[in-house]
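Colleague: Before I plan around this model, I would like to go through it with you point by point. Could you take my questions in turn?

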Amino acid sequence: MSPTARKSFSHRRVRVTFGTLLATLILSLAVLSGSSAAVAATDCVADASTACFFGTIRDGAAGIDILVEGNGQKVTVKTTADGSWNAAVTVAGTYTITLDPKTLPSSVTMKGEAAQSRDVTLGARAGVLFSTQTTDASGEMTSSTTTTTSVTWDRFLQQAASGLRLGLLLALAAVGLSLIYGTTGLSNFAHAEQVTLGGLLAYVFANVMGLNIYIATIIVVAITAATGYFQDLILWKPLRKKGLSLNQMIIVTIGLALALQYTFQYFIGASTVRILQNNAEIVNFGPVTLTVQSLIAMGVSVVVLTLTGLFLLKTRTGRATRAVSDNPALAAASGIDVDRIIRLVWTIAAGLAGLSGVMLGLVLNGINWMTGMQLLLLLFAAVTLGGLGTAFGALVGSLIIGMTVELTNLILPGDFKYATALVLLILLLLVRPQGIFGRKERIG
């Protein structure tokens, strides 16, 4: 076979492989999503359209005011006789939960902060801790307690399921980010904006234009993949040819990320938007409650990640991609078209990130212009933890980060969950600097 014929055949294999990736979505994706139904603040039940905040003020009593505010919602509830409370919200996002110190009994005072922030997704429950202390008649402190949520086996299983879900959705984006680093050495700070773009495009096609979600998802993946292709064609390849250093190119990615964020805000607005408005079904697996969107998103993630792994391991182009990642100069000397492989990596990485944005938008029941930026640190943590430049390391790192983030909520306030994941990253790198699947490199 002549070199031209081999090249043409290789191009056809790439198109067939990528087409298979898109076609899989048709067979795997089914979507239902939650609508904003009003739910009473008492006896909150988390479902497809409702999330719950809850806690217990052990030094408290009935009538203590708790205010939950954010995302256009404002809910005020009072504690019951045993100091417990719960509040329902119908939009996913970040909320500020404030305890009114004026409503505390005269013998109880605040020890910690009266206002805290929490992230919540629809169908989930989030515990909130308020530190208080009691005093005797003379004003001396007699006890100091913290509102707690007990760690139970049921809560552990629920949080573990949420962690697995988050890990799989992170992996869709992290694998592409790792492949870009492996083939170019570039840490792409604008990669998370591909996640945002995917979610917002799904909102436009499925919500605004009313397209079927199956068709909308395929269009979104195709468009985001095309943005990766043209990014390399118009921006990154010319910059590489001009000999820009990696530090200079990293600064370009940061500027591109900021430009994209404010472009999204300009056209979509600053509010959180929902891809679909229909109510979702709830599926119970014993103590674990998940929406149908979550199950489908997890299934799609497993299928797509498996196909990506098979592509890298079993196809000629996939082996060429790994060769370029290992040693670009040697790969070029072996006859591999390095620029073509890099462009393919940018295309696949952007498409996977766009798919991740669609799945996140459905699972979280909302997406906004800052969604990608909020995930960026977790994506880099996953890639670094697994080993820079290794796709399979990014998958394992994403699962570890996802589980750590969600399981932390069992014992620590929600504000600490992202910090805990990064602390875990630091500790592991102190022991294994190259990451879990990374290779030791000789310096000097």
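Colleague: How many cavities of 30 Å³ or more does the structure hold?

Modeller: A cavity here is, on a 1 Å grid over the protein atoms alone, a set of points where a 1.4 Å probe fits but cannot get out; points are joined across faces, edges and corners, and a volume is the space filled by probe spheres set on the points. This is a predicted model, in which local features need pLDDT of at least 70 and side-chain atom pairs count only at pLDDT 80 or more, while totals for chains, interfaces and linings use all residues. Residues are numbered from 1 along each chain as its sequence is written, and side-chain values use heavy atoms, with hydrogens and water left out. With a volume of 30 Å³ or more required, the number of cavities is five.

Colleague: Which helix and which strand each supply at least two residues of the lining of the largest cavity?

Modeller: The largest cavity has a volume of about 60 Å³, and its lining residues, those with an atom within 4 Å of a point, include Gln158, Ser162, Arg165, Thr289, Leu290 and Thr291. Helices (H or I, at least four residues) and strands (E, at least two) are DSSP runs, numbered from the N terminus. The elements that each supply at least two lining residues are H2 and strand S12 (288-291).

Colleague: Is valine 175 buried or exposed?

Modeller: Valine 175 is found in helix H2, which spans residues 153-184. Buried means under 20% relative accessible area, exposed over 50%, and partly exposed in between, with a 1.4 Å probe and protein chains only. Because its relative accessibility is 4%, valine 175 counts as buried.

Colleague: Which residues is valine 175 in contact with, leaving aside its neighbours within four places in sequence?

Modeller: Contact means heavy atoms within 4.5 Å. A separate distance, between C-alpha atoms, places valine 175 at 9.8 Å from glycine 397, a residue 222 places away along the chain. With the sequence neighbours within four places set aside, the contacts of valine 175 are Leu305, Thr308, Leu352, Ala391, Ala394 and Leu395.

Colleague: Why is the pair of phenylalanine 189 and phenylalanine 380 classed as it is?

Modeller: Rings of Phe, Tyr and Trp (its six-membered ring) pair if their centres lie within 6.5 Å, with planes under 30 degrees apart counted as stacked, over 60 as edge-to-face and the rest as tilted; a search of the whole structure finds seven aromatic pairs. The ring centres of phenylalanine 189 and phenylalanine 380 are 4.9 Å apart and their planes stand at 45 degrees, so the class is tilted.

Colleague: Where in the chain do these two partners lie?

Modeller: Phenylalanine 189 is partly exposed at 28% relative accessibility, whereas phenylalanine 380 is buried at 17%. The pair links distant parts of the chain, 191 residues apart, with phenylalanine 189 in the loop between H2 and helix H3 (191-208) and phenylalanine 380 in helix H10 (residues 371-386).

Colleague: Which charged residue sits over the ring of tyrosine 229?

Modeller: A charge sits over a ring if NZ of Lys or CZ of Arg is within 6 Å of the ring centre and within 35 degrees of the ring normal. Tyrosine 229 is partly exposed, at 35% relative accessibility. The charged end that lies over its ring, 5.6 Å from the centre, belongs to arginine 343.

Terms used: 1 Å grid on protein atoms, 1.4 Å probe; cavity = no way out; pocket = protein on both sides within 12 Å on 5 of 7 lines; lining within 4 Å.
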